[in-house]
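Grab a pencil and work through these exercises one at a time. Try each task yourself before you read its solution.

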Amino acid sequence: MPTVMREIVIIGAGMAGLAAAQRLHQAGLPALALEARQRVGGRVWTDRSRGIVEFGAEFIHGKKAVTWDLIRQAGLTATLWPPEALADSATAYRFACQGRLLPSSSDVPARTENLYELVEHYEGPEQSAAELMISLAPADDLAAQFALRRLANVEAADVTRLSAQALGLDRRKDTAGWGDDFHVNDGYDSLATFLAQGLEVRLNTAITQIDWNETGAMLHLANGQTIQARRVIVTVPLGVLQAGTLRFCPALPPEKEQAISALAMGSVTKLALWFEQAFWPPFAFLHSDGIVPAWWPVYSEQGAVLMGYTGGPAALKLAALGNEAAIEQGLAEVTALFGSAARETFVKGQLVDWSSDPWARGGYTYTPVGAGNARAELATPVANTLFFAGEATCTNGHPATVHGAIESGWRAVDEILTLAQPNTQV
Ligand SMILES: Cc1cc2nc3c(=O)[nH]c(=O)nc-3n(C[C@H](O)[C@H](O)[C@H](O)COP(=O)(O)OP(=O)(O)OC[C@H]3O[C@@H](n4cnc5c(N)ncnc54)[C@H](O)[C@@H]3O)c2cc1C
C-alpha cells in the first residue's frame with residue numbers, strides 16, 4: 001500500500017485532538033486526525049437510548065472553563081447542577097450509611113466537607129491523601145471515611161498513592177472555577193461533533209507504531225497502511241501509552257518513559273440505571289458507603305436515571321462483577337435507600353467500565369506521590385517531531401477534565417506554530 005504523506009497528523013479525536021485540529025484548521029494548516037474508535041469525542045461519550053445520559057465526561061467544571069467559548073460558538077447551552085431550587089446543602093447533598101440516609105441532624109456531611117477541603121487545599125510536604133487524612137481525623141471517623149471515598153471518586157485515585165501536594169497545587173492553579181458544575185443540555189458529544197465539523201477525521205483508524213526522528217515520523221496503522229508526517233500530535237490517553245499498544249521506534253527518551261510510568265491512570269465506572277420516573281426524594285448528589293459511593297439523578301422526558309459513579313480501586317471491584325451483577329448491586333443499593341419503587345419502575349441498566357476500554361485504559365489521570373513533574377515531562381515535545389496533548393499533559397491545574405484536554409490541544413498547536421512555519425500539505 002502506498003505511503004500517504006501529510007504535514008501534521010493528530011492521533012486521537014477526543015477533545016484534545018479535535019481542539020488541536022480545529023485550531024490548526026483556523027491557522028490555515030489543515031491536519032489529519034486519526035481515531036481508533038468509530039466516533040469522535042473519546043472519553044466524551046453521550047448515550048441517547050432513553051434521554052441524554054453521559055457515559056463519559058458529564059459536567060463542565062467551572063464558570064470560566066474554556067469550554068464555554070466553544071459551547072457558545074456551537075450554539076449549545078449548559079445548565080447549572082445542582083439547580084438553584086436544590087442548592088440548599090441539606091437537601092442537595094445527602095449521605096447514606098449501611099443502606100440508610102443519614103438524618104439531617106447528622107454532623108457527618110459538614111465534617112466530611114471540611115476534611116475534604118483540607119485535603120483539596122493542602123499546602124505542605126509531600127504525602128498521600130490517605131496519610132494526610134490520618135493526621136486530620138481518626139481512621140474510624142465516619143466523616144474521614146466519607147472524605148477519602150469522595151477523593152477516590154472525584155480523582156479516580158487510589159488515595160494511598162494520590163499526592164495531596166499535587167492535588168492542592170492543581171486547585172490553587174485552577175482558573176476554570178472548580179466547584180461549579182454544568183450539564184451540556186444537548187449532550188457533551190454535541191461539542192465534539194461541533195469541533196469536528198469541517199475537519200479531516202479518519203475514524204476506525206488505530207495507530208500501532210510511530211517510527212520517528214528529527215525529520216518526521218512514519219505512522220503504522222492497524223490496517224497495514226502507513227502515513228508519513230512531518231509533525232505528529234499524540235493525544236492518546238496515558239493508559240494507552242502505559243499499555244504499550246502504541247509503540248515508539250526508537251523508544252521515547254528515558255525522561256518521557258519515566259513520566260509515563262510515574263503518572264497514574266485512575267479507574268472509573270459509571271453505572272446508569274434507567275427508571276420510568278423518579279421515585280426518590282429530591283437530591284443532587286448522594287454519598288454512600290455502599291459499593292457504589294456516589295449517585296446523582298439525571299432527568300429527561302423519557303424518565304429518570306440514577307447515575308452511580310465509582311472511582312479508584314473500588315471501580316475495579318465493581319467492574320469485576322460484570323455488567324449484570326453490577327446492575328443488580330446498584331439496584332439493590334438504591335432499593336435499600338429509596339424503597340421497592342426502584343424495582344417496580346426499573347427499565348434497564350448499563351455499566352460503563354473505562355478501564356477495560358482499549359482506547360482509554362482508565363478514566364483519567366491523577367498524580368501519585370513523587371510524580372509532581374511528570375505532567376510537564378509528558379507534555380514536552382520530542383525532536384520537534386512528536387508533540388503531546390491530552391488531559392494527562394495538563395500543567396495548568398486542569399488535568400482530568402474536558403477543558404484541560406482542550407487547552408492541551410491548543411498548547412501543542414502553539415508549540416508547532418512557534419517553530420518555523422511548516423510547509424504546506426504535501
Ligand atoms: C467516566 C468519566 C467521567 C468524567 N467526567 C468528567 C466531567 O464531568 N468533567 C470533565 O471536565 N471531565 C470529565 N472526565 C474527564 C474527561 O472526559 C477527559 O479529561 C477528556 O475527555 C480527555 O480528553 P483527551 O482528548 O485528552 O482524551 P480522549 O478523550 O481519551 O481522546 C483520546 C483519543 O485517542 C484515541 N486513541 C487511543 N489510542 C489510539 C490509537 N492507538 N490510535 C488512534 N486513536 C487512538 C481514543 O479513542 C480517543 O478518542 C471524565 C472522564 C471519564 C472517563
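A nonpolar core is a set of buried Ala, Val, Leu, Ile, Met, Phe, Trp, Tyr and Cys residues joined through C-beta atoms within 7 Å. Keep that in mind for the first exercise, and remember that you're working with a predicted model.

**Exercise 1: the core**

Find out how many residues the largest nonpolar core has, and which have the most contacts inside it.

Solution. Start with the count: the largest nonpolar core holds 123 residues. Next, pick out the residues with the most contacts inside this core: Val9, Ala20, Val119, Ala129, Ala147, Leu151 and Val232. Now zoom in on Val119. Skip its neighbours within four places in sequence, and you'll find Val119 in contact with Ala129, Leu132, Met133, Ala147, Leu151, Ala164 and Leu167.

**Exercise 2: the whole chain**

Work out whether the radius of gyration of the protein chain agrees or disagrees with that of a compact globule.

Solution. First, the rule: for 426 residues, a compact globule would have a radius of gyration near 22 Å. Then compare: the protein chain has 22 Å, so the two agree. For the outline, the C-alpha atoms fill a box of roughly 70 × 50 × 35 Å along the principal axes. What's inside? The secondary structure comes to 15 helices and 22 strands, and buried residues make up 46% of the 426 residues. Last, look at contacts between residues at least 6 apart in sequence: 73% of them join residues at least 24 apart.

**Exercise 3: one side of a helix**

Take helix H8 (residues 189-196) and say which of its residues are buried.

Solution. Step one is the list: Asp189, Leu191, Ala192, Leu195 and Ala196 are buried. Step two is their direction: these residues cover an arc of only 150 degrees around the axis, so they sit on the same side of H8. Here's the background: an α-helix has 3.6 residues a turn, so residues three or four places apart point the same way. Step three is to see what the buried residues of H8 pack against: H1, strand S3 (46-47), helix H2 (67-73), strand S9 (181-184) and strand S10 (200-202). Finally, step just past H8, where Gly198 takes a positive phi of about 80 degrees.

**Exercise 4: around the ligand**

Describe the shell of residues around the ligand: how many nonpolar, polar and charged residues does it have?

Solution. Begin with the total: 39 residues surround the ligand, and the closest are Gly12, Gly14, Ala16, Gly42 and Ala57. Sort the shell by class and you get 23 nonpolar, ten polar and six charged residues. Then ask where they come from. Helix H1 (15-26), strand S5 (59-61), strand S16 (268-275) and helix H15 (402-417) each supply at least two. H1 gives the largest share, three residues.

**Exercise 5: buried or exposed?**

Decide whether Gln38 is buried or exposed, and do likewise for Ser408.

Solution. You need two cut-offs here: 20 or more other C-beta atoms within 10 Å means buried, and 12 or fewer means exposed. Gln38 has 8 of them within 10 Å, so Gln38 is exposed. You'll find Gln38 in the loop between strand S2 (32-34) and S3, and apart from its neighbours within four places in sequence, Gln38 is in contact with Leu203 and Asn204. Now Ser408: with 31 other C-beta atoms within 10 Å, Ser408 is buried. Ser408 is found in helix H15. Not counting residues up to four places away in sequence, Ser408 touches Ala16, Ala389, Gly390, Glu391, Thr393 and Cys394.

Key: Residues are numbered from 1 along each chain as its sequence is written. This is a predicted model: local features need pLDDT of at least 70, side-chain atom pairs count only at pLDDT 80 or more; totals for chains, interfaces and linings use all residues. A residue is near a molecule or strand if its C-beta atom, placed from the backbone, lies within 6 Å of it. Helices (H or I, at least four residues) and strands (E, at least two) are DSSP runs, numbered from the N terminus. Ala, Val, Leu, Ile, Met, Phe, Trp, Tyr, Cys and Pro count as nonpolar, Asp, Glu, Lys and Arg as charged, and the others, Gly among them, as polar. The arc is that of the directions from the helix axis to the C-beta atoms. Two residues are in contact if their C-beta atoms, placed from the backbone, lie within 7 Å. The radius of gyration is taken over C-alpha atoms; the globule rule is 2.2 Å times the number of residues to the power 0.38.
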